[in-house]
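Please keep the model in view while reading.

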Amino acid sequence: MLRPQRIDAIENYLIQHRVVNLDELCKVFSVSKNTIRRDIDEIHKRGCIRKIYGGVRVVEKDELMPFTERNKRALDAKKRVAKCAAEFVEDGDIIFVDSGTTTCHMVDHLKDKTDLTVITNNLDFIVSALPHENINIISLSGALNRKTLSFTGASAANSLESFNISKAFMASTGITVEKGATNYFADEYDVKQAAIRRSQKRFLLVDHSKQGVISLRTFADLSDFDCLVTEAPLPETFRNYLERNACKVVLVKGDMG
């Protein structure tokens with residue numbers, strides 16, 4: 001196989017498998033590690049992969065999109081999921097609202113709650129909540145990630161450790177039974193894990209586009225959640241796993257009405 005053909009074949013293999021280590025590529029394509037590294041360098045120039053420790057992974061489309069563009073995708077589904085999730089919020093709750101293009105839509109359905117405290121690193125949620133004086137906002141510190149419009153970093157995660165949270169409403173860029181709830185952006189990992197640890201109940205909000213997707217890092221197993229809210233039926237493997245682990249599935253139906 002000529003090198004240009006091999007490079008194309010490697011790229012196709014990566015697209016199919018998403019994350020691959022170098023040893024596997026050497027075995028599949030019968031080349032040395034030095035050769036595979038040179039081929040990977042060539043593919044890397046195309047902008048479709050990223051190098052990780054010991055291997056490579058495919059760059060997902062959402063990684064390249066700013067928050068405003070990602071928010072437009074499956075917008076109606078995200079709004080319906082957010083509205084349903086907000087129904088689990090009770091007066092007097094102390095909740096965590098995760099960063100994400102689904103959780104940010106919860107604010108519209110919390111304006112009638114009383115004595116509600118929201119801890120969040122979600123800048124879009126904070127701005128949208130400004131007109132609603134009933135929502136007490138505690139913003140996490142940290143550096144602003146412009147791709148996610150969220151505050152991230154060690155200080156954001158550390159500040160969460162001092163709070164007692166009634167309910168956490170978490171977002172994810174992918175869910176599978178094998179890898180759990182995963183996320184593209186590594187700098188959000190510590191914040192998400194801290195929120196999971198500090199919350200009495202945990203809700204996962206995902207639209208249909210997240211099912212079967214594996215992103216860069218797993219921040220929680222699906223068994224860590226008490227409730228999964230989605231607008232599309234889950235495959236049987238998902239339903240069986242969640243049922244075995246006492247995670248309630250809420251399937252949102254209809255329009256915003």
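A residue is called buried at under 20% relative accessible area, exposed at over 50%, and partly exposed in between, with a 1.4 Å probe and protein chains only. The model is predicted, so local features need pLDDT of at least 70 and side-chain atom pairs count only at pLDDT 80 or more, whereas totals for chains, interfaces and linings use all residues. Residues are numbered from 1 along each chain as its sequence is written, and side-chain values use heavy atoms, with hydrogens and water left out.

**Sheet**

- Helices (H or I, at least four residues) and strands (E, at least two) are DSSP runs, numbered from the N terminus.
- An open sheet is formed by 3 strands in the order β1-β3-β2, with antiparallel pairing; two strands pair if DSSP finds at least two bridges between them.
- β1 (19–21) and β2 (49–52) each have a single partner strand and stand at the edges, so one side of each lacks a neighbour in the sheet.
- On average, neighbouring strands are turned by 25° against each other, direction ignored.
- The antiparallel pairing of β1 with β3 (residues 55–58) comprises 3 bridges, and Arg57 in β3 is the bridge partner of Val19.

**Helices on the sheet**

- Helix α1 (residues 3–17) lies across β1, β2 and β3 and runs at about 120° to β1. Axes are lines fitted to C-alpha atoms, for helices over the stretch in contact, and angles run from 0 to 180 degrees between N-to-C directions.
- Helix α2 (residues 22–29) packs on the sheet, touching β1 and β3, and its direction makes about 80° with that of β1.

**Faces of α1**

- The buried residues of α1 are Arg6, Ile7, Ile10, Glu11, Tyr13 and Leu14.
- Seen down the helix axis, these buried residues fall within an arc of 160°, so they line one face of α1; the arc is that of the directions from the axis to the C-beta atoms.
- The packing partners of these buried residues are β1, α2, α3 (33–44), β2 and β3, where contact means heavy atoms within 4.5 Å.
- Arg18 follows α1 and has a positive phi, near 70°.

**Start of the chain**

- Met1 lies in the segment before α1 and counts as exposed, at 69% relative accessibility.
- Leaving aside neighbours within four places in sequence, Met1 is in contact with Arg6 and Ala9.
- The C-alpha atoms of Met1 and Phe29 are separated by 9.6 Å, with the two residues 28 apart along the chain.
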